[in-house]
Amino acid sequence: MYRSRGFVVSVGLLIGVLCVADVRGSFSSSDVNTSKQSYFFGAKGASDILCFSKTLLKGSIMPQDVSYTNPTAAKNINFITLAADKYSTHGFTADISSGKLGTVSVTIKINAKSILPYAIEVKFYCVK
């Protein structure tokens with residue numbers, strides 16, 4: 001009788017420990033729960049097209065500005081995405097430093113660790 005109670009308690013403790021370990025494993029210290037780090041600005045319209053892209057390679061010196069001016073008048077930039085090619089505890093930040101969405105010219109300032117430990121792909125989408 002005591003053995004069966006001990007077995008039930010042991011199994012209950014084991015299940016409790018496994019559940020706690022599983023929950024703890026799903027959170028990271030930086031609160032990023034995806035395999036990629038990314039930012040986006042604006043909203044992509046159904047007919048918007050990719051009009052410019054640039055990749056900041058691993059090993060790039062930071063911070064950097066990425067600028068694009070659409071040479072076609074009235075083809076405004078509506079949506080911008082930035083995505084790291086892999087997860088890192090050293091994230092990055094991105095802000096519009098000049099221009100604005102809905103115009104033909106925007107500059108994004110990207111700041112990260114002084115030597116970038118991953119690549120970042122920047123994409124600008126414009127009106128078709």
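**Close-up views: a disulfide and a loop serine**

A search of the whole structure finds 1 disulfide, meaning a pair of cysteine sulfur atoms within 2.5 Å. This is a predicted model, where local features need pLDDT of at least 70, side-chain atom pairs count only at pLDDT 80 or more, and totals for chains, interfaces and linings use all residues. Residues are numbered from 1 along each chain as its sequence is written, and side-chain values use heavy atoms, leaving out hydrogens and water.

**View 1. The disulfide joins cysteine 51 to cysteine 126.** The S to S distance is 2.0 Å. The link is right-handed, with 55° about the S-S bond. Cysteine 51 sits in strand β2 (residues 49-56) and cysteine 126 in strand β7 (residues 120-126), so the pair ties together parts 75 residues apart in sequence. Strands are DSSP runs (E, at least two residues), numbered from the N terminus.

**View 2. The two cysteines: buried or exposed?** Cysteine 51 has 24% relative accessibility and counts as partly exposed. Cysteine 126 has 1% and counts as buried. Buried means under 20% relative accessible area, exposed over 50%, and partly exposed in between (1.4 Å probe, protein chains only).

**View 3. Serine 88 lies in the loop between β4 (77-84) and β5 (93-99).** Serine 88 is buried, at 11% relative accessible area. Its side chain reaches the backbone nitrogen of histidine 90 at 3.0 Å.

**View 4. Serine 88 touches Gln37, Pro117 and Tyr118.** Residues up to four places away in sequence are not counted here. Contact means heavy atoms within 4.5 Å.

Key: Helices (H or I, at least four residues) and strands (E, at least two) are DSSP runs, numbered from the N terminus. A polar contact is a pair of N or O atoms within 3.5 Å; within protein, one must be able to donate a hydrogen and the other to accept it, and residues adjacent in sequence count only if both atoms are side-chain atoms.
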